[in-house]
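Subject: Structure handover and notes

Hello,

I am passing a structure on to you. Please have it open while you read the notes below.

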Amino acid sequence: MLRQLALTDMGAAAQVHRIAFDHAMPWLVGLHTPDEDRWFYRERVFPVCRLWGHFDDDLLRGIIAFRDGWVEQLYVLPAAQGRGVGTELLQVAKDSCERLELWTFQRNASARRFYEARGFALVEQTDGARNEEREPDARYLWTRQ
């Protein structure tokens with residue numbers, strides 16, 4: 001089931017983010033504490049983004065946060081990956097926007113394949129100097145046909 005997330009869901013959203021992030025990018029594990037993650041979702045993401053979640057039996061399995069043509073966050077728990085959860089969440093953003101951009105890390109090959117398979121095109125790569133992790137990243141663009 002898909003539904004828009006409320007402020008009370010931000011703790012669960014932060015937990016999905018951290019589990020999926022650490023699984024996909026183990027070389028960056030420990031970047032933030034759980035308290036910092038919860039603060040980030042409550043104070044930085046929730047006020048400016050539309051957040052949606054995918055639930056199975058009341059358990060949050062994946063999240064998307066998007067705004068003004070940007071996908072800010074998209075994370076799916078490892079056990080739920082490959083089951084259409086990310087695709088459904090991404091479709092919520094696609095249905096709301098004429099175009100979407102996003103950043104992902106160059107080394108996150110599975111995320112890059114996911115976005116490319118869903119119509120996103122690579123438009124820029126950087127050395128990571130502008131992101132917190134100092135990790136080379138890639139910007140993708142999707143435009144409604």
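Here is what was found, starting with the ground rules.

This is a predicted model, in which local features need pLDDT of at least 70, side-chain atom pairs count only at pLDDT 80 or more, and totals for chains, interfaces and linings use all residues. Residues are numbered from 1 along each chain as its sequence is written, and side-chain values use heavy atoms, with hydrogens and water left out.

**Pocket**

The largest pocket has a volume of about 1,200 Å³. A pocket here is an open set of points on a 1 Å grid over the protein atoms alone, where a 1.4 Å probe fits, with protein on both sides within 12 Å along at least five of seven lines. Its volume is the space filled by probe spheres set on the points, which are joined across faces, edges and corners. Lining residues have an atom within 4 Å of a point.

The lining of the largest pocket counts 43 residues. Nearest its centre are Glu72, Gln73, Leu74, Tyr75 and Trp103. Two or more lining residues come from each of α1 (10–24), α2 (34–45), β4 (70–76), α3, β5 (99–105) and α4 (109–117). Helices (H or I, at least four residues) and strands (E, at least two) are DSSP runs, numbered from the N terminus. β4 gives the most, with seven residues. By class, the lining holds 20 nonpolar, 13 polar and ten charged residues. Ala, Val, Leu, Ile, Met, Phe, Trp, Tyr, Cys and Pro count as nonpolar, Asp, Glu, Lys and Arg as charged, and the others, Gly among them, as polar.

**Helix α3**

Helix α3 covers residues 85–96, twelve in number. Val85, Gly86, Leu89, Leu90, Val92, Ala93 and Lys94 are buried in α3. Buried means under 20% relative accessible area, exposed over 50%, and partly exposed in between (1.4 Å probe, protein chains only).

**Buried residues in strands and a loop**

Glu101 lies in strand β5. Glu101 counts as buried because its relative accessibility is 11%. Its side chain makes a polar contact of 2.4 Å with the side chain of Arg139, and one of 3.4 Å with that of Arg99. A polar contact is a pair of N or O atoms within 3.5 Å; within protein, one must be able to donate a hydrogen and the other to accept it, and residues adjacent in sequence count only if both atoms are side-chain atoms.

Ala138 sits in strand β7. Ala138 is buried, at 0% relative accessible area. Beyond four places in sequence, its contacts (heavy atoms within 4.5 Å) include Leu102, Trp103 and Thr104.

Glu135 is in the loop between β6 (121–125) and β7 (137–143). Glu135 is buried too, at 6%. Its side chain makes a polar contact with that of Trp27, at 3.4 Å.

**Positive phi**

Most residues other than glycine have a negative phi. Asp58 has a positive phi of about 65 degrees although it is not a glycine. Asp58 is in the loop between β2 (50–56) and β3 (59–67), and is exposed at 74%. Arg134 has a positive phi of about 60 degrees, and is not a glycine either. Arg134 belongs to the loop between β6 and β7, and is exposed at 54%.

Best wishes

Notes
Expected span 1.5 Å × (residues − 1).
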